[in-house]
Amino acid sequence: MGITKTIQVLEVSHNYTDKEKLLIQTIVLNSCKYFDINEKTLFNGRKNTANRINAIGVASVLLHQNCNISQREISNILKKDATLINRYIKKYQNLDPNFKLDLIVIEKMEQIKIESLKNCEIN
């Protein structure tokens, strides 16, 4: 698994209950799936593609709303600066459904939320 991945798993598992960990992981995985990127690109990518930025923004909002965790903790999970997480949350909470691209992101956010909550209930 590797040292860095092991450390990351231990940090996440130390702070949260099993259900919270599962919800966090499913939100991140579903965000990657719906925006067609992998976890490595989400966490460590350097190119600012629309899919990557949307995945980070949607994951930030859903983690903030559904897991009740702070922006600092979200920044640790997504390996981003806390000020960036603040910007993402503000931007993606205030998307305008009158714009076509914003509406697409809003719909994906709802699908990710529903699927993630469903996965946690099943497990």
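Biologist: How much of the protein is buried?

Modeller: Of the 123 residues in the protein, 38% are buried. Keep in mind that this is a predicted model.

Biologist: Okay. How many helices and how many strands are there?

Modeller: The count is 7 helices and 0 strands. Going along the sequence, the pattern reads α-α-α-α-α-α-α.

Biologist: And what share of the contacts comes from residues 24 or more positions apart?

Modeller: Taking contacts with a separation of 6 or more, residues 24 or more positions apart account for 60% of them.

Biologist: Let's go inside. Which residues have the most contacts within the largest nonpolar core?

Modeller: Those are Leu42, Val58, Leu63, Leu78 and Tyr92, in a core of 30 residues. At least two core residues come from each of α2 (18-34), α3 (39-44), α4 (50-66), α5 (71-78), α6 (82-93) and α7 (100-122).

Biologist: Which helix gives the largest share?

Modeller: α4 does, with 7 residues of this core.

Biologist: Leucine 78 was on your list. What is it in contact with, skipping neighbours within four places in sequence?

Modeller: Leucine 78 is in contact with Val28, Leu42, Phe43, Ile56, Ala59, Ser60, Leu63 and Ile85.

Biologist: How do the axes of α5 and α6 cross?

Modeller: They come within 8 Å and cross at roughly 105°. An angle from 65 to 115 degrees counts as roughly perpendicular, so that's the label for α5 relative to α6.

Biologist: Who makes that contact?

Modeller: From α5 you have Gln71, Arg72, Ile74, Ser75 and Leu78, and from α6 there are Ala82, Ile85, Asn86 and Ile89. By class, the contact of α5 with α6 has 5 nonpolar, 3 polar and 1 charged residues.

Biologist: Switching to α7. What's its reach from first C-alpha to last?

Modeller: α7 has 23 residues and spans 33 Å, close to the 33 Å expected at 1.5 Å a residue.

Biologist: Which α7 residues are buried?

Modeller: Val105, Met109, Ile112, Glu115, Ser116 and Cys120.

Biologist: Tell me about isoleucine 112. Why does it count as buried?

Modeller: Isoleucine 112 has 0% relative accessibility, so it counts as buried. Leaving out residues up to four places away in sequence, isoleucine 112 touches Ile27, Asn30, Ser31, Tyr34, Phe35, Val58 and Leu62.

Biologist: What about asparagine 54, buried or exposed?

Modeller: Buried, because its relative accessible area is 17% and the cut-off is under 20%. Asparagine 54 lies in helix α4. Not counting residues up to four places away in sequence, asparagine 54 touches Phe35, Tyr92 and Val105.

Methods. Residues numbered from 1 in each chain as written. Predicted model: local features only at pLDDT ≥ 70, side-chain atom pairs only at ≥ 80, totals over all residues. Heavy atoms only, no water. Core = buried A, V, L, I, M, F, W, Y, C linked by side-chain atoms within 4.5 Å. Buried < 20%, exposed > 50% of the residue type's maximum accessible area, 1.4 Å probe, protein only. Helix = DSSP H or I, 4+ residues; strand = E, 2+ residues; numbered from the N terminus. Contact = heavy atoms within 4.5 Å. Expected span 1.5 Å × (residues − 1). Axes fitted to C-alpha atoms, helices over the stretch in contact; angles between N-to-C directions. Parallel < 35°, antiparallel > 145°, perpendicular 65-115°, else oblique. Nonpolar A, V, L, I, M, F, W, Y, C, P; charged D, E, K, R; others polar.
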